[in-house]
Amino acid sequence: MNEMYTMGLSLHSFGAIGILVAIFVNLFVLISYTELKKYKRHNSIIYWPLTFTILSAVIFTGVIMMAAKHLEFSVANIAMIIVSFILIVIEAKRIKTLKYLSEEKEHAFSAYKPIARTMLQIEFALVLIISIWMWLL
């Protein structure tokens with residue numbers, strides 16, 4: 001049983017690193033793209049499904065870890081649950097904003113970039129802070 005819990009911790013840690021990498025890649029892609037149509041296409045096909053898959057893997061391993069600990073809620077567990085909800089809400093808002101962004105408007109993408117960059121930076125900071133906190137425990 002202890003080996004399974006240790007393996008779950010390892011997978012959860014790798015998932016946290018994966019979500020940091022996915023957010024960083026999303027941020028890099030947002031900054032580097034200049035065409036809205038190309039960005040929307042690549043974002044909907046590659047980047048946000050990848051981000052949500054990794055996030056769901058982290059949440060799933062977290063749920064398994066909670067079950068292994070007999071649903072003992074600690075401050076760290078509650079903080080991770082709250083951060084997970086915040087990440088889902090921020091990503092959903094970012095994707096919804098991008099979805100309804102008009103491709104005919106000339107400066108729509110340049111107006112979207114600072115908002116999306118701020119959202120991604122908040123996500124990255126939240127995941128980094130909670131990850132460092134958990135790794136130091």
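A salt bridge is a side-chain nitrogen of Lys or Arg within 4 Å of a carboxyl oxygen of Asp or Glu. In this predicted model, Glu123 has no such salt bridge although Glu123 is buried, and the nearest side chain of opposite charge, that of Arg94, lies 4.8 Å away.

Glu123 belongs to helix H4, which covers residues 108-136. When neighbours within four places in sequence are left aside, the residues in contact with Glu123 are Ile23, Leu87, Ile90 and Glu91.

## How the helices pair

Helix H1 (residues 2-32) and helix H2 (residues 36-68) have axes that come within 9 Å and cross at roughly 160°. Because angles over 145 degrees count as roughly antiparallel, H1 is roughly antiparallel to H2. The crossing of these two helices, H1 and H2, is left-handed.

For helix H3 (residues 75-99) and H4, the axes come within 10 Å and the crossing angle is roughly 165°, and H3 and H4 are therefore roughly antiparallel to each other. H3 passes H4 in a crossing that is left-handed.

## Asn43 in helix H2

Asn43 is a residue of helix H2, and because its relative accessibility is 1%, Asn43 counts as buried; the cut-off for that label is under 20% relative accessible area.

Not counting residues up to four places away in sequence, Asn43 touches Asn26, Trp48, Pro49, Arg94 and Leu98.

## Leu27 in helix H1

Leu27 is found in helix H1 and, with a relative accessible area of 14%, Leu27 is buried. With residues up to four places away in sequence not counted, Leu27 touches Arg117, Leu120 and Gln121.

How far apart in space are Leu27 and Lys113, which are 86 residues apart in sequence? From C-alpha to C-alpha, the distance between Leu27 and Lys113 is 9.7 Å.

## Drawing the residues together

Technical notes
Residues numbered from 1 in each chain as written. Predicted model: local features only at pLDDT ≥ 70, side-chain atom pairs only at ≥ 80, totals over all residues. Heavy atoms only, no water. Helix = DSSP H or I, 4+ residues; strand = E, 2+ residues; numbered from the N terminus. Buried < 20%, exposed > 50% of the residue type's maximum accessible area, 1.4 Å probe, protein only. Lys, Arg positive; Asp, Glu negative; His and termini not counted. Contact = heavy atoms within 4.5 Å. Axes fitted to C-alpha atoms, helices over the stretch in contact; angles between N-to-C directions. Parallel < 35°, antiparallel > 145°, perpendicular 65-115°, else oblique. Left-handed = near helix turned anticlockwise from the far one by under 90°.
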